[in-house]
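Here is a briefing on one structure. Have the sequence and the coordinates open as you read.

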Amino acid sequence: MGSSTINVTLKVWRQKNAETKGEFETYPINNVSTDMSFLEALDTVNEQLLQQGKEPIAFDHDCREGICGMCGAMVDGIAHGPDKAVTLCQTHMRSFHNGDTIVVEPWRAKAFPIIKDLVTDRSAFDKIIASGGYVSVSTGGVPDANAILIPKKDADLAMDAAACIGCGACVASCPNASAMLFVSAKISHLSHLPQGQVERKERAKRMIQTMDDLGFGNCSNHRECEAVCPKEIKLENIATMNREFASSLF
Amino acid sequence: MIDAKIPSGPIAEKWSTHKFESKLVNPANRRKFTVIVVGTGLAGSSASATLAEMGYKVKTFCFQDSPRRAHSIAAQGGINAAKNYRNDGDSVYRLFYDTIKGGDYRAREANVHRLAEVSVNIIDQCVAQGVPFAREYGGMLDNRSFGGAQVSRTFYARGQTGQQLLLGAYSALERQIGAGTIEMHPRTEMLDLVVVNGKARGIITRNLVTGKIERHVADAVLLATGGYGNAFFLSTNAKGCNVTASWRAHKKGAWMANPCFTQIHPTCIPVHGDIQSKLTLMSEGLRNDGRVWVPKAIGDKRKPNDIPESERDYYLERRYPSFGNLVPRDVASRAAKAVCDEGRGVGESGLAVYLDFADAIKRLGKEKIAEKYGNLFDMYRQIAGENPYEVPMRIFPAVHYTMGGLWVDYNLMSTVPGLFVLGEANFSDHGANRLGASALMQGLADGYFVIPYTLGGYIGGTVFDAVTTDHPAFAEAEANVRSMTDKLLSIKGKRTVDSFHKELGKILWNNCGMARNKQGLTESLQRIPELRAEFWENVIVTGSGDELNQTLEKAGRVADFLEFAEVMVNDALTREESCGGHFREEHQTEENEAKRDDENFSHVAMWEYNGPDKKETLHKEQLVFENVKLTQRSYK
Amino acid sequence: MTILSSVFGSSVGKKFIVGITGLAICLFVLMHFLGNLNLLIGKEAFLDYAKNLHALPGFVAIELLFASAFLVHIAMTIKLIFENKAARPVDYAVKKSAGVKTLGSATTMITGIYLLLFLVFHLLNIKFAIIPSIDTIPTAIAGVTPNVYEVISYSFKNLGLVLFYIGGAVCVGIHISHGFQSSFQSLGLNSPKYMPLLRTISNLFGVLVAIGYTVISVFMFIVANMKGATL
């Protein structure tokens, strides 16, 4: 099994709410099984804090199997921690060493205000989708599924982009807090499919406009977003979005 | 006697007849009616979007930070639909038949037939939304066979079908939010149902960020709040999944149906320690190529690759020569439990069996296996820290889905008029065992294609009193919610919420899990109220009610599980038969298989709440099978 | 007009502008470099080249076009820097690159600022011949306006100034190594197939410019200090 135990120290950002100033608190945890997930290590700290009558660390999480997109924090300066292509809930303690001090911070971006501790408000992403991240079909009266033929290659490219879980790691890791990888993934998903053609210009225009209005930064092609994305969404999507934007100008 | 409102006529015509006979609401009038939808999984999102598109005023609630997070997102395998695109003999009737049989004859025929009928529309709808289903080179949709089905009727989007379907429904929901027809309340938890003059007219919620308790009035309330699998603490459900909305509606008059029907999925990554928070499912597609085994000898602690072939017991192949490793979920799960009970389980805990791909790799090559299961193998390696290409996977069953839930009639309406229940939260379509790839189908069927008609029928046929949030029923419900919150915060005890939850989970897992018996269930019925009493005296809830307080949220949910569990165990005790996922050790064939008692238990067990710490009253809805002949399932 | 306002009012549009002006500047840098290679040949060759260049039809228009590319590129990137800072008002205590950071991408702002200072100085130094004062150049003393070669030779006697120039050469190389390929991505002219090739070209371009200008600077330093004969 290769499981063993290590002792680590967590240095976690604590902030009571959006209005107050936060600070780091240090929590040593001993005998952490290397089979434990990172969030389970946080659970352990929280159980200890509760026993001492102290407030546990607030952090978002839900499915704990890497698909819902709810969890996420900067771990030692990297979004979702050191492992490639996984969310924080799938990061395991075996990626750390005995004696490590691990710094845990919330996503930081103007468009993702901190609610408490490691919990941030990512509703900006929902607003972007609401401004155009859909095909305008209502329920009923649609053609038979096989009436729309889609080349396998296009379906695969659409699926690659559609795999985005909306966790916000791209924004968190971008030196400019830009949301372009997220926005481009949706634009690219729909622009690869025949269903998405009718509204493609309007969609690109509106989603980009909304993204800008929400206070995200600009892309300067650092590629940090691609490197931390738990679903390995590719930077090419941003290029696709840029093309969609260009065509929407005319 | 309860009326399930099943339309008369031949099974294939019931739904069309019913749609025609249901009252309609004039399009111009719809905006005068407000509908509350709680939950944004497949059922809740699709219902919200569809009703808003039709013109109703919709208020939608979810406890997550975004409607896109709901746990429907985690479904891997696919979604069934009777499209018969493969020309392999599928039909609406066959899907209906398979679902009734798979549910071990404990589901309502009319509902299941309707589900099979609308399954074909779901795929069309999702494709139109831009859901990227897998395609063949000719551009047509691809299908696969799933869960031992004899036809290929499962549509899929890589291993992320649930995610893609949910994102489709979510995009439709967001479109309506953008259009201003849906008022969305994320990070908001429903804490009570408000019933006025016998009708569901609103809910009380807590804003999870500010702690504000709010009243919301409506003409109908839809619960799409998922299952109660987290009663077991460890399950494949998301951490936030809970029974609170259903349970609080139950306390306001909605009867709970078949709560003992829980699906335990055979292929999950086993538990590794006491701090484990969650179990992860590995798609059951793995059993197509993996061979399940344990050592023949009790307590054999050698490494798997050191155990020679002659000392391995491929127990599924041995016990079920014709189906082998592909027996249904309930059978595979029980068999794994049996070998572990004998002391032949593997891994540190002894609670695991091997799922071995060595033969498949030898036969097909590592490349082919990687192509088929690569992402699952990666996921296993990430979680278990072992390379499944080299050592067998360790797997163990885990709680996965709950077939039971709030009772609903054919219109998906509960015993409280105006309260509708959709998706996993209701009990209606899967009987005692759900087939693979059918949960997604049911959630979307309910939301896109059933509720728009049946809700219209209710609203069109009902005279509504003018009710505002100033009604005393709202004040009373709000006071209840406040007093519960205050009480939880005032206890300041010594035991954490999780520790209570874990203990409850162990009680249920050991006594109301894969195998149940009278003694264990009776003991549980004694132990659960004790644990509940201790909870209310000794739980620690820090912080205040006026802020984001995740401990408080959890405490409220666990308090409800502690009450709900008693009904669940009681239901299991009362159902003196084995069927599907409900296996009573007293009721088994000579070959240790589930033995149904159709004469006495071909009914839906419905439980009515009678007040705190009072025994619930059992009601029965007799199941009438006009089309399907009841037989004993056999997989020998 | 609506197109312009859409472009200037949008984050993606601003990327276009930075990308297009960046590519224009790359073209300028390349041509300027090729022209300056004449310095390695000698005074006559360089002065001929300068004369021919200025005699080109529409030279002033082209010069203005490049000048505006510079101005827009600089103005826009400064605006973006402020916008990007505003997008993350509170910085991380610990921030690491997830492993894809390149020298170019990590330092665009620093090299950019250096290049801005360099550009201003370079124009004042060579184009307008104001700094350092050229009054001590023998031709100037004789009452004749020194030619550009004389200005260069005179300036490049100074080791500090040469080092500043070498700094500029290195910075422009590094800046281009990120900027050139980045422009293609910004303009949506990107495909996974040729992106690695583009990155290689971009890096080679950067190295060529950095080394090339350094060589010219060093060469001119040596020539200027060997003998005063040419002056």
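Predicted model: local features only at pLDDT ≥ 70, side-chain atom pairs only at ≥ 80, totals over all residues.

Residues are numbered from 1 along each chain as its sequence is written, chains are lettered from A and ligands numbered from 1 in the order in which they are written, and side-chain values use heavy atoms, with hydrogens and water left out.

**Chain A with chain B**

- In this interface, 77 residues of chain A touch 79 residues of chain B; contact means heavy atoms within 4.5 Å.
- The two chains bury about 6,400 Å² between them, 52% of it on carbon and sulfur atoms. Buried area is the accessible area (1.4 Å probe) that two parts lose on being put together, summed over both.
- Seven salt bridges cross between chain A and chain B. A salt bridge is a side-chain nitrogen of Lys or Arg within 4 Å of a carboxyl oxygen of Asp or Glu.
- E65(A) forms a salt bridge with K278(B), and their closest N and O atoms are 2.7 Å apart.

**Chain C with chain A**

- Chain C brings 42 residues to the contact and chain A brings 47 residues.
- About 3,500 Å² is buried between chain C and chain A, with 52% on carbon and sulfur atoms.
- R88(C), Y92(C) and A98(C) supply 16% of the area that chain C buries against chain A, more than any other three residues.
- Zero salt bridges are counted between chain C and chain A.

**A sheet in chain B**

- Four strands form an open antiparallel sheet in the order β16-β10-β20-β21 (chain B). Helices (H or I, at least four residues) and strands (E, at least two) are DSSP runs, numbered from the N terminus.
- β16 (405-406) and β21 (617-622) of chain B are the edges; each has a single partner strand, so one side of each lacks a neighbour in the sheet.
- β10 (residues 256-257) of chain B pairs with β16(B) in the antiparallel sense over two bridges; pairing requires at least two DSSP bridges.
- Within that pair, A257(B) stands opposite G405(B).

**Cysteines**

- The model has zero disulfides over all chains; a disulfide is a pair of cysteine sulfur atoms within 2.5 Å.
- C71(A) is in no disulfide, and the nearest cysteine sulfur, that of C89(A), is 3.9 Å away.
- C170(A) is also in no disulfide; the nearest cysteine sulfur belongs to C167(A), 6.4 Å away.
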